[in-house]
Amino acid sequence: MRKVKVFSGSSHAGLAALILDRLGLPPSPATMKRFSNAETSVEIGVSVRNEDVYIIQSGSTMTNDHLMELLIMINACKGASARRITAVLPYFPYNKQSKKKTRGAITAKLVASMLATAGVDHIITMDLHSSQVQGFFACPVDNLVAEPCIARYIRDNFAEWKDGVVVSKNAGGTKRVTQLADILQIDFALIHRERYHSNVDVDTQTTQPSLPDGVTDGYSSDTEETRLTLVGDVKGRTCFVLDDMVDSPHSFLDAAEHLKRCGASKVYIIATHGILSGTAVPDIEHCEAVDGAIVTNTYPIPDWKFASAKKLRIIDISGVLAEAIRRTHNGESISYLFHTAI
């Protein structure tokens, strides 16, 4: 690959090294510093004039620092007359905040505007939480998918995968689940999650009729309860509970426990982005209903956290990102990557 420079930010050096190894390229030199007042400084260590530049920087536990680092790197390359600048974001930060809430910001759109202002020309990312985020950019956005790699992993590591079931833990993830089920040509199921309020007597713990809004009787408390309903057949079968990310795992654990009550033989959590915040790893480890958790390496998982996670398995997707970079540089179509594991 000629006239190309690939830089790595500091958020996920391990993934960047795997991508560069697959491309057969050395990392382009760049110096990143943090001053005593917490400001970030970036200095590009090689000429990028008229070069095709790729900057690999994923979301991480230090999201704000690494996002700022990416913006500075993009702007530094823009000021150094790079021909085209592509930001490779395996996990796009703030992409979950893509809808306006009461007096809130559409933060994903703000991040898109910041990247455009910095000077980015192209975005490569993977499994956005909502595909509408692509519309926040004026530049091209390639939203890659992990389903082919996940499907290959299931075929290679589960002997009875043909009798398995792909399960969505809520109605919002149905499209993603059906895509994986179609690739594997197996059944899928859905867990309908219904939340409702009930008035519970504090002393007798008996359910009382709900009172009008704003009216209380002084003896009861309003509690929110969740009712789970399974749509599909999982009895005696292996279940793969799929979503785009696993951050706080409580909804996954609730789904796994419900599937075991419905007769599932084994339950595995599968997600593209393994954020695993807070006590997520020990929560998964201590849940008897979960037989394993499978994530890709789009998001950096610290060594100490991975060492304590006996149920956690990692799928390497560096090949997909490396092939996307190669095809983009050569002007080739990337549609091949949407149905083929690399």
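## Terms and the values behind them

Q: Where in the chain is Tyr94 placed?
A: Tyr94 is in the loop between β5 (84-89) and α3 (107-118). The model is a predicted one.

Q: Why is Tyr94 called partly exposed?
A: The relative accessible area of Tyr94 is 25%. Buried requires under 20% and exposed requires over 50%.

Q: Why does Gln185 count as exposed?
A: Its relative accessibility is 72%. The term exposed needs a value over 50%, and therefore Gln185 qualifies.

Q: How do you know whether Glu194 is buried, partly exposed or exposed?
A: Glu194 has a relative accessibility of 34%. Since buried means under 20% and exposed over 50%, Glu194 is partly exposed.

Q: Where is Glu194, and which residues does it touch?
A: Glu194 is in strand β9. Leaving out residues up to four places away in sequence, Glu194 touches Glu225, Thr226 and Arg227. In each case heavy atoms lie within 4.5 Å, so the term contact holds.

Q: How far apart are Glu194 and Ser113 in sequence and in space?
A: The two are 81 residues apart in sequence. From C-alpha to C-alpha, Glu194 and Ser113 are 36 Å apart.

Q: Why is Ser130 called buried?
A: Ser130 has a relative accessibility of 15%.

Q: What surrounds Ser130 in the chain, and what is it in contact with?
A: Ser130 is placed in the loop between β6 (122-126) and β7 (141-144). Apart from neighbours within four places in sequence, Ser130 is in contact with Asn95 and Ser98.

Q: Which residues are closest to the centre of the largest pocket, and how much space does it hold?
A: The largest pocket holds about 570 Å³ of space. Of its 25 lining residues, Leu128, His129, Ser130, Arg176 and Asp244 are closest to the centre. The elements giving two or more residues to this lining are α5 (174-184), β12 (238-246) and α6 (250-261). β12 gives the most, with four residues.

Q: What makes up the lining of the largest pocket by class?
A: It has five nonpolar, eleven polar and nine charged residues.

Q: How many cavities of 30 Å³ or more are there, and why are they called cavities rather than pockets?
A: There are two. The term cavity is used because a 1.4 Å probe fits at the points but cannot get out, whereas a pocket is an open set.

Q: What lines the largest cavity?
A: The largest cavity has a volume of about 50 Å³. Its lining is formed by Gln57, Ser58, Gly59, Thr63, His66, Leu67, Leu70, Leu89 and Pro93. Helix α2 (residues 63-79) gives the most, with four residues. By class the lining has four nonpolar, five polar and no charged residues; Gly is counted as polar.

Q: What lines the second largest cavity?
A: About 40 Å³ of space lies in it, and the lining residues are Leu276, Val281, Ile284, Glu285, Ala293, Ala309, Lys311 and Leu312. Helix α7 (residues 280-286) contributes the most, with three. This lining divides into six nonpolar, no polar and two charged residues.

Q: What makes a set of residues a nonpolar core, and how many residues has the largest?
A: In soluble globular proteins, nonpolar side chains tend to be buried together. The members must be buried and joined through side-chain atoms within 4.5 Å. The largest core has 41 residues, and Leu144 and Ile154 have the most contacts inside it. Another core lies apart from it, with 31 residues, among them Leu228, Phe252, Ala280 and Cys287.

Q: Which residues of helix α4 (residues 147-157) are buried, and what do they pack against?
A: The buried residues are Glu147, Pro148, Cys149, Ile150, Ala151, Tyr153 and Ile154. They pack against α5, β12, β13 (266-274), β14 (292-296), β15 (312-315) and α9 (318-330).

Terms used:
Residues numbered from 1 in each chain as written. Predicted model: local features only at pLDDT ≥ 70, side-chain atom pairs only at ≥ 80, totals over all residues. Heavy atoms only, no water. 1 Å grid on protein atoms, 1.4 Å probe; cavity = no way out; pocket = protein on both sides within 12 Å on 5 of 7 lines; lining within 4 Å. Points joined across faces, edges and corners; volume = space filled by probe spheres on them. Buried < 20%, exposed > 50% of the residue type's maximum accessible area, 1.4 Å probe, protein only.
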